[in-house]
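Q: Please explain how the assignments in this predicted model follow from the criteria behind them.

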Amino acid sequence: MRAVRKFPPGIGRNTQGIVMQPLNEKTIRASFINASRQEAKKLTLPENFNSLDWESLEYLGWRDPKMPQRGYMIYTNANGETRGLLLRATEGARKAGSAAMCEMCRDVTLPCAVGMFTTRRSGQAGRDGDTLGTLLCTRFECSANVRIAPPKDPINPDPMVVVAQRIIQLDERVNSFIERVYRARGGAGHFAPLHRHHLPCRTAFRMGRLSRNRII
Ligand SMILES: [Zn+2]
(Lines give C-alpha, C1' and ligand atoms only; values in the text may rest on other atoms or scores of the structure.)
Protein backbone atom coordinates (compact mmCIF):
# COMPACT_ATOMS: atom_id res chain seq x y z
CA MET A 1 0.00 0.00 0.00
CA ARG A 2 2.96 2.31 0.43
CA ALA A 3 5.77 3.22 -1.82
CA VAL A 4 9.25 4.36 -0.99
CA ARG A 5 10.02 7.77 -2.40
CA LYS A 6 13.02 9.97 -2.43
CA PHE A 7 12.64 13.21 -0.56
CA PRO A 8 15.00 16.11 -0.09
CA PRO A 9 16.72 15.66 3.29
CA GLY A 10 14.40 16.38 6.17
CA ILE A 11 11.14 16.46 4.22
CA GLY A 12 10.18 12.77 3.99
CA ARG A 13 7.32 11.17 5.81
CA ASN A 14 9.81 9.24 7.86
CA THR A 15 13.41 8.23 7.63
CA GLN A 16 12.63 5.85 4.78
CA GLY A 17 10.64 8.47 2.94
CA ILE A 18 7.43 6.44 3.05
CA VAL A 19 4.26 8.28 2.10
CA MET A 20 0.57 7.47 2.38
CA GLN A 21 -0.77 5.92 -0.80
CA PRO A 22 -4.15 6.95 -2.18
CA LEU A 23 -6.97 4.72 -0.92
CA ASN A 24 -10.16 3.97 -2.77
CA GLU A 25 -13.65 3.99 -1.33
CA LYS A 26 -13.88 0.21 -1.12
CA THR A 27 -10.65 -0.07 0.88
CA ILE A 28 -11.77 2.69 3.23
CA ARG A 29 -15.16 1.09 3.93
CA ALA A 30 -13.51 -2.29 4.53
CA SER A 31 -10.81 -0.90 6.80
CA PHE A 32 -12.82 -0.22 9.97
CA ILE A 33 -11.71 -2.10 13.07
CA ASN A 34 -14.39 -0.73 15.39
CA ALA A 35 -17.45 -0.07 13.22
CA SER A 36 -20.21 -2.39 12.07
CA ARG A 37 -20.55 -3.16 8.37
CA GLN A 38 -23.67 -1.02 8.40
CA GLU A 39 -21.86 1.94 9.96
CA ALA A 40 -19.05 1.67 7.42
CA LYS A 41 -21.56 1.43 4.60
CA LYS A 42 -23.42 4.53 5.77
CA LEU A 43 -20.42 6.83 6.00
CA THR A 44 -20.08 9.74 3.61
CA LEU A 45 -16.62 10.37 2.20
CA PRO A 46 -15.03 13.79 2.66
CA GLU A 47 -16.21 16.36 0.16
CA ASN A 48 -12.70 16.85 -1.23
CA PHE A 49 -12.04 13.11 -1.53
CA ASN A 50 -11.20 13.26 -5.24
CA SER A 51 -8.71 16.07 -4.84
CA LEU A 52 -6.90 14.95 -1.67
CA ASP A 53 -3.16 15.51 -1.55
CA TRP A 54 -2.28 12.07 -0.14
CA GLU A 55 1.42 12.79 -0.01
CA SER A 56 0.86 15.44 2.63
CA LEU A 57 -1.20 13.17 4.91
CA GLU A 58 -0.05 10.79 7.64
CA TYR A 59 -3.64 9.64 7.99
CA LEU A 60 -6.94 10.51 6.38
CA GLY A 61 -9.32 12.07 8.90
CA TRP A 62 -12.66 13.77 8.41
CA ARG A 63 -16.05 14.52 9.95
CA ASP A 64 -19.03 12.87 8.33
CA PRO A 65 -20.79 15.59 6.31
CA LYS A 66 -24.20 14.01 7.06
CA MET A 67 -23.57 12.91 10.68
CA PRO A 68 -21.39 15.72 12.11
CA GLN A 69 -20.79 14.01 15.47
CA ARG A 70 -19.00 11.23 13.66
CA GLY A 71 -15.37 11.36 12.67
CA TYR A 72 -13.12 8.87 10.90
CA MET A 73 -9.40 8.20 10.88
CA ILE A 74 -7.88 5.93 8.24
CA TYR A 75 -4.23 4.93 8.52
CA THR A 76 -1.96 2.57 6.62
CA ASN A 77 0.81 1.17 8.81
CA ALA A 78 4.35 0.23 7.77
CA ASN A 79 3.18 -3.34 6.99
CA GLY A 80 0.71 -1.96 4.46
CA GLU A 81 -2.33 -2.71 6.67
CA THR A 82 -5.01 -0.04 6.38
CA ARG A 83 -7.13 0.42 9.50
CA GLY A 84 -10.02 2.77 10.03
CA LEU A 85 -11.51 4.14 13.25
CA LEU A 86 -14.99 5.44 13.83
CA LEU A 87 -14.95 8.22 16.43
CA ARG A 88 -17.61 10.32 18.11
CA ALA A 89 -17.20 13.93 19.16
CA THR A 90 -18.38 14.11 22.77
CA GLU A 91 -18.38 17.80 23.61
CA GLY A 92 -18.18 21.23 22.07
CA ALA A 93 -14.88 22.09 20.44
CA ARG A 94 -12.42 24.18 22.38
CA LYS A 95 -11.29 27.27 20.60
CA ALA A 96 -7.92 27.49 18.91
CA GLY A 97 -5.29 28.69 21.35
CA SER A 98 -7.03 27.19 24.43
CA ALA A 99 -5.09 24.89 26.73
CA ALA A 100 -6.37 21.72 25.02
CA MET A 101 -3.76 19.89 23.00
CA CYS A 102 -4.41 17.38 20.24
CA GLU A 103 -2.98 14.01 21.23
CA MET A 104 -1.77 13.36 17.69
CA CYS A 105 0.00 16.56 16.58
CA ARG A 106 0.60 17.89 20.13
CA ASP A 107 1.15 21.43 19.04
CA VAL A 108 0.38 24.01 21.71
CA THR A 109 0.10 26.82 19.18
CA LEU A 110 -2.50 25.08 17.05
CA PRO A 111 -4.33 27.20 14.52
CA CYS A 112 -7.45 25.01 14.86
CA ALA A 113 -9.94 23.89 17.51
CA VAL A 114 -9.40 20.75 19.59
CA GLY A 115 -12.19 18.54 20.94
CA MET A 116 -12.79 15.30 22.83
CA PHE A 117 -13.57 12.18 20.83
CA THR A 118 -14.38 8.67 21.96
CA THR A 119 -13.76 5.56 19.95
CA ARG A 120 -14.93 1.99 20.64
CA ARG A 121 -12.31 -0.67 21.11
CA SER A 122 -12.20 -3.39 18.50
CA GLY A 123 -14.26 -6.56 18.68
CA GLN A 124 -16.19 -7.78 21.71
CA ALA A 125 -14.64 -5.24 24.07
CA GLY A 126 -16.10 -2.43 21.98
CA ARG A 127 -19.47 -4.18 21.64
CA ASP A 128 -19.49 -4.40 25.45
CA GLY A 129 -19.10 -0.62 25.58
CA ASP A 130 -15.35 -0.27 26.16
CA THR A 131 -14.16 3.01 24.65
CA LEU A 132 -11.05 5.14 24.54
CA GLY A 133 -11.18 8.92 24.70
CA THR A 134 -8.73 11.33 23.16
CA LEU A 135 -8.35 15.01 22.32
CA LEU A 136 -8.04 15.65 18.60
CA CYS A 137 -8.08 18.52 16.16
CA THR A 138 -11.81 18.73 15.51
CA ARG A 139 -11.39 18.60 11.73
CA PHE A 140 -8.37 16.28 11.83
CA GLU A 141 -6.01 19.01 10.63
CA CYS A 142 -2.96 17.31 12.24
CA SER A 143 -1.03 16.71 8.99
CA ALA A 144 -1.44 20.34 7.96
CA ASN A 145 -0.47 21.55 11.43
CA VAL A 146 2.80 19.65 11.65
CA ARG A 147 3.82 21.07 8.26
CA ILE A 148 3.70 24.66 9.47
CA ALA A 149 7.35 25.60 9.72
CA PRO A 150 8.35 27.18 13.05
CA PRO A 151 10.35 30.41 13.03
CA LYS A 152 14.07 29.98 12.65
CA ASP A 153 15.91 30.35 15.94
CA PRO A 154 19.32 29.42 17.37
CA ILE A 155 17.97 26.10 18.71
CA ASN A 156 16.23 25.21 15.43
CA PRO A 157 18.28 26.76 12.65
CA ASP A 158 16.51 24.65 10.02
CA PRO A 159 12.70 24.78 10.43
CA MET A 160 12.26 21.96 7.90
CA VAL A 161 14.16 19.58 10.19
CA VAL A 162 11.61 20.39 12.90
CA VAL A 163 8.79 19.77 10.41
CA ALA A 164 10.29 16.41 9.41
CA GLN A 165 10.52 15.39 13.08
CA ARG A 166 6.91 16.38 13.70
CA ILE A 167 5.78 14.37 10.70
CA ILE A 168 7.52 11.27 12.06
CA GLN A 169 6.07 11.82 15.54
CA LEU A 170 2.55 12.31 14.19
CA ASP A 171 2.85 9.11 12.17
CA GLU A 172 4.03 7.17 15.24
CA ARG A 173 1.29 8.53 17.50
CA VAL A 174 -1.48 7.72 15.04
CA ASN A 175 -0.05 4.24 14.61
CA SER A 176 0.11 3.57 18.34
CA PHE A 177 -3.37 5.00 18.97
CA ILE A 178 -4.91 2.73 16.34
CA GLU A 179 -2.92 -0.21 17.72
CA ARG A 180 -4.37 0.46 21.17
CA VAL A 181 -7.88 0.30 19.78
CA TYR A 182 -7.09 -2.74 17.68
CA ARG A 183 -5.39 -4.81 20.38
CA ALA A 184 -8.67 -5.44 22.19
CA ARG A 185 -10.24 -7.15 19.18
CA GLY A 186 -12.18 -10.36 19.51
CA GLY A 187 -13.26 -9.95 23.03
CA ALA A 188 -10.37 -10.11 23.66
CA GLY A 189 -7.83 -12.79 23.86
CA HIS A 190 -6.76 -11.17 27.09
CA PHE A 191 -9.80 -10.55 29.19
CA ALA A 192 -12.34 -13.12 28.10
CA PRO A 193 -10.55 -16.26 29.40
CA LEU A 194 -9.74 -14.53 32.69
CA HIS A 195 -13.31 -13.41 33.04
CA ARG A 196 -14.70 -16.85 32.27
CA HIS A 197 -12.36 -18.37 34.82
CA HIS A 198 -13.10 -15.75 37.41
CA LEU A 199 -16.88 -16.02 37.45
CA PRO A 200 -17.22 -19.70 38.37
CA CYS A 201 -14.71 -19.17 41.21
CA ARG A 202 -16.74 -16.36 42.67
CA THR A 203 -19.93 -18.34 42.28
CA ALA A 204 -18.34 -21.32 43.98
CA PHE A 205 -17.16 -19.09 46.82
CA ARG A 206 -20.61 -17.66 47.34
CA MET A 207 -22.15 -21.11 47.29
CA GLY A 208 -19.58 -22.22 49.84
CA ARG A 209 -20.51 -19.38 52.16
CA LEU A 210 -24.14 -20.15 51.71
CA SER A 211 -23.76 -23.76 52.67
CA ARG A 212 -21.60 -22.78 55.65
CA ASN A 213 -24.30 -20.41 56.78
CA ARG A 214 -26.83 -23.13 56.52
CA ILE A 215 -24.74 -25.43 58.66
CA ILE A 216 -24.29 -22.74 61.32
ZN1 LIG B 1 -4.00 17.32 15.66
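A: Two strands count as paired if DSSP finds at least two bridges between them. On that basis, an open sheet of five strands is found, in the order β3-β4-β5-β6-β7 and with antiparallel pairing.

Q: Why are β3 and β7 described as standing at the edges?
A: β3 (60-63) and β7 (131-137) each have a single partner strand, so one side of each is left without a neighbour in the sheet. From one strand to the next, the twist averages 30°.

Q: How many helices and strands does the protein have, and in which order do they run?
A: The secondary structure comes to six helices and seven strands. From the N terminus on, the order of the elements is β-β-α-α-β-β-β-β-α-β-α-α-α.

Q: What makes a residue count as buried, and what percentage of the protein does so?
A: A buried residue has 20 or more other C-beta atoms within 10 Å of its own. Of the 216 residues, 27% count as buried.

Q: What percentage of the contacts with a separation of 6 or more comes from residues 24 or more positions apart?
A: Such residues account for 60% of these contacts in the protein.

Note on methods:
Residues are numbered from 1 along each chain as its sequence is written. This is a predicted model: local features need pLDDT of at least 70, side-chain atom pairs count only at pLDDT 80 or more; totals for chains, interfaces and linings use all residues. Helices (H or I, at least four residues) and strands (E, at least two) are DSSP runs, numbered from the N terminus. Axes are lines fitted to C-alpha atoms, for helices over the stretch in contact, and angles run from 0 to 180 degrees between N-to-C directions. A residue is buried if 20 or more other C-beta atoms lie within 10 Å of its own, exposed if 12 or fewer, and partly exposed in between; C-beta atoms are placed from the backbone. Two residues are in contact if their C-beta atoms, placed from the backbone, lie within 7 Å.
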